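Welcome, and thanks for taking a look at this protein with us. Please have the sequence and the model open side by side as you read.

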Amino acid sequence: MLMGAVLASLTGGFIVDFIGRRLAIVINSVVFLVGAIMLALAPSFAVLIVGRFIVGFGVSLSAIAECIYISEIAPAKRRGLLVSLNEVGICVGLLLAYSVNVLFIDLSNGWRYMFGL
């Protein structure tokens, strides 16, 4: 996952500038969906690694595109608040993901559900 994030952090700025912030966020949703499906249905360890790479790329690209997009469309008085709320949303999402993972930890192939969700 970190290797995908490193690649996106090196190229994400160029991608976002080339296709635009909003389109980058929309395309990145597809990247996340593809990565999650690959992780949930991975028949082998190699596919699992590729899926993690794709999700890592998506994480880093979203961190770039969303913050820039929010800071560009937000009024100057609310810019810091809205970017901070984005970061809070990410942290709450991580907390919910870990909480949901507890439900699947004892299931056979529960990791597939964890990655899929």
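This is a predicted model: local features need pLDDT of at least 70, side-chain atom pairs count only at pLDDT 80 or more; totals for chains, interfaces and linings use all residues.

The protein chain is built from five helices and has zero strands. A pocket of about 900 Å³ is the largest one found, and α4 gives the most to its lining.

**Fold and dimensions**
- Read from the N terminus, the order of elements in the protein chain is α-α-α-α-α.
- Along the principal axes, the C-alpha atoms fill a box of roughly 50 × 30 × 20 Å.
- Among contacts in the protein chain with a separation of 6 or more, 62% link residues 24 or more positions apart.

- The protein chain has 117 residues, and 25% of them are buried.

**The largest pocket**
- Which residues lie nearest the centre of the largest pocket? They are M1, V55, G93, L94 and A97, out of 24 residues in the lining.
- Four helices each supply at least two residues of this lining: α2 (21-41), α3 (45-73), α4 (79-104) and α5 (110-116).
- The contribution of α4 to the lining of the largest pocket comes to eight residues.

Key:
Residues are numbered from 1 along each chain as its sequence is written. Side-chain values use heavy atoms; hydrogens and water are left out. Buried means under 20% relative accessible area, exposed over 50%, partly exposed in between (1.4 Å probe, protein chains only). Contact means heavy atoms within 4.5 Å. On a 1 Å grid over the protein atoms alone, a cavity is a set of points where a 1.4 Å probe fits but cannot get out, and a pocket is an open set with protein on both sides within 12 Å along at least five of seven lines; lining residues have an atom within 4 Å of a point. Grid points are joined across faces, edges and corners, and a volume is the space filled by probe spheres set on the points.
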